[in-house]
Number of protein chains: 2
Amino acid sequence: MAKIKDVARIAGVGVGTVSRVINNSGPVKFETREKVLRVIEELEYVPNEIARSFKRKSSKLVGLMLPTITNPFFSELAFYIEDELYLKGYKMLLCSSQTNSDKEIEYLDMLKRNLVDGIITISYHDYYNHDKIDNPLVTIDRYISDEIPHVSADNYGGGKLATEKLIEAGCKSIAYVGGAPRYHSSVSDRKQGLIDIAKANNIPYYIFEESESENIEGSLSRPIMDESLVVKRFVREYPNVEGVLTSSDLFAAALVKELRRIGKRVPEDVQVIGFDGIQSNDYFEPQLSTIKQPVEAMGRQSVKILLGLIKGEKVPSNSVLNINYIEGETCKKASDIVDIK
Amino acid sequence: MAKIKDVARIAGVGVGTVSRVINNSGPVKFETREKVLRVIEELEYVPNEIARSFKRKSSKLVGLMLPTITNPFFSELAFYIEDELYLKGYKMLLCSSQTNSDKEIEYLDMLKRNLVDGIITISYHDYYNHDKIDNPLVTIDRYISDEIPHVSADNYGGGKLATEKLIEAGCKSIAYVGGAPRYHSSVSDRKQGLIDIAKANNIPYYIFEESESENIEGSLSRPIMDESLVVKRFVREYPNVEGVLTSSDLFAAALVKELRRIGKRVPEDVQVIGFDGIQSNDYFEPQLSTIKQPVEAMGRQSVKILLGLIKGEKVPSNSVLNINYIEGETCKKASDIVDIK
């Protein structure tokens, strides 16, 4: 790192002159001033203590790091995080890593350099040593360590509730279909909820998971995985399963489409429950039966915890928020289906 | 603005001491140093020339200002803008105004303070004097002045093409249904395309527009307007129209839903064409017939023009990019419909 002595040496002036230029505190010839400023710029010289002093100041900026903004769940979450921050006098800088780990590191470094007061992340990566982030940090859907607070929906409870609904609807065999996060994510608890309820009810169950992969080419359509390929394989390998819980609404929609394509009726032949409860379904057929994540509460809670951390308050290290079931058109009791006809 | 003299006076030391502290350039007692730094922080003192010198440096950051990220069209656009910037060695700071004009002003000021190299905006507001933005600026879908380059889809051509498709499908009367931007936006050209083609073909046409409003409460569901209310009114007031072009896919989906609710068949009774071609339709029924905006090209072109501006190159003041028609299930020729049955 350049020091004031380096600036002086290269500009061919004394340290006192550099100091006068910086502080505008005494007469310096125009040409000399310009030369000193040029050297300051070239060397990227920053007075040490000024830099440190700035760091201690509040910027009223919070960084949000998302894997992708084209997934409606993430963009809704960002909406509520921004809204809550704004209510509290903060602004949000949103960065999207496009599920690319190099980008994520670069963006986190950039956020640190831009001196945000804190960071909220949803990360699909593990390489990054989060302990090295000096800024107050809150994670969503991802446990890092006991020191870093994390916020998630009650994924386990959601998995249990969905499985109960499938069993109530009369399913004699059930499956979990979805993406397997590459690193520990509380999303996996959905699967465990299904397993526990299926076992308790002596219902045979199958787990059909596809590993999520790094997004190398930055393709928009399915940034993390291609749901349509996964459900095609599932339908081929498990043609007789009667009820399915998927790891996301996108998976549920892809599954319904594939089942219809091969001539199966939903929910008459196969009952399907999604997970997320994303907004953009509203206008489209069929309305998914789904576990709705408390996306607004998750967003606002992350902000409250982060602002607590920033103020040095004691905050909960783990916030698990309630989910609920939305009865759509893809999972119904047999009696209800008959009524409709 | 605080000067070095103010810092010295309040800290009770000489200007030379403050200068030595800032530049770490000579011996200062620990307590004195701490006191000077505290005053620097309190007064938010920044050495003048340092601040100016920083401004001249490239931050390799570009700000993107969107009205909302929960609309899939905007989030796709952001995806491609980020991707193109990253390829060119830049990072994107995304700010969402939630269609609130106060927020938009504050975010633009924040971006300027964070010394971005340039800004890309999609703005629904007019209050802001864009001439006061010193940073290189590119707008999307919005003409501000000849000095500010803007990028849009061929909205006029899209309106024409959709109208031709409705006429080809046999519609004897057509309507344009959608939101009317409060300020001049090239989105309005879609309507003009419909009018011109309808006139040229002697087909009666109707314009049913609802003014877009400011988002006061920051509600997520329909940030700019409630499409479902607008289409309900339209269907009541124009029960016999045979073909409709809507200003967006969200409008088209809402219209199809409302038509079905009142017992009309799409496309047998009413033909519907949307506008945008947003990704998230994929899994849902019906597949909309729609005019696809070249969202990838629009994103990449905005970046190319902005980086040209940053480098001081001459750039086109107006980029109009080609649209195309996607044949979905909501507009079909009568002969094609019969074939399907």
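In chain B, helix α7 (residues 155-168) and helix α8 (residues 189-200) cross at roughly 45 degrees, and their axes come within 7 Å. The model shown here is a predicted one. Two packed helices are described by the angle between their axes and the distance between the axes. Angles under 35 degrees count as roughly parallel and those from 65 to 115 as roughly perpendicular. The crossing angle in chain B is roughly 45 degrees, and α7(B) and α8(B) are therefore oblique to each other. The crossing in which α7(B) passes α8(B) is right-handed.

Which residues of the two helices meet? On the side of α7(B) they are N155(B), Y156(B), G159(B), K160(B), T163(B), E164(B) and I167(B). On the side of α8(B) they are D189(B), R190(B), Q192(B), G193(B), L194(B), D196(B), I197(B) and A198(B). Sorted by class, this contact contains five nonpolar, five polar and five charged residues.

I207(B) lies in strand β7 (residues 205-211) of chain B. The C-alpha atoms of I207(B) and Y176(B) are 4.9 Å apart in space, while 31 residues separate the two in sequence.

Helix α7 (residues 155-168) of chain A packs against helix α8 (residues 189-200) of chain A at an angle of about 45 degrees, and the axes are 7 Å apart. α7(A) and α8(A) are therefore oblique to each other, and α7(A) passes α8(A) in a right-handed crossing. Among the residues that make the contact are Y156(A) and I167(A) of α7(A), and L194(A) and I197(A) of α8(A). By class, five residues of this contact are nonpolar, five are polar and five are charged.

Of the 341 residues in chain A, 56% are buried. Among contacts in chain A between residues at least 6 apart in sequence, 69% join residues at least 24 apart. The accessible surface of chain A is about 14300 Å², and carbon and sulfur atoms account for 49% of that area.

Terms used
Residues are numbered from 1 along each chain as its sequence is written. Chains are lettered from A and ligands numbered from 1 in the order in which they are written. This is a predicted model: local features need pLDDT of at least 70, side-chain atom pairs count only at pLDDT 80 or more; totals for chains, interfaces and linings use all residues. Side-chain values use heavy atoms; hydrogens and water are left out. Buried means under 20% relative accessible area, exposed over 50%, partly exposed in between (1.4 Å probe, protein chains only). Contact means heavy atoms within 4.5 Å. Accessible areas come from the Shrake-Rupley method with a 1.4 Å probe; for residues, only the protein chains shown count as cover. Axes are lines fitted to C-alpha atoms, for helices over the stretch in contact, and angles run from 0 to 180 degrees between N-to-C directions. Helices (H or I, at least four residues) and strands (E, at least two) are DSSP runs, numbered from the N terminus. Angles under 35 degrees count as roughly parallel, over 145 as roughly antiparallel, 65 to 115 as roughly perpendicular and the rest as oblique. A crossing is left-handed if the near helix is turned anticlockwise from the far one by less than a right angle, and right-handed if clockwise. Ala, Val, Leu, Ile, Met, Phe, Trp, Tyr, Cys and Pro count as nonpolar, Asp, Glu, Lys and Arg as charged, and the others, Gly among them, as polar.
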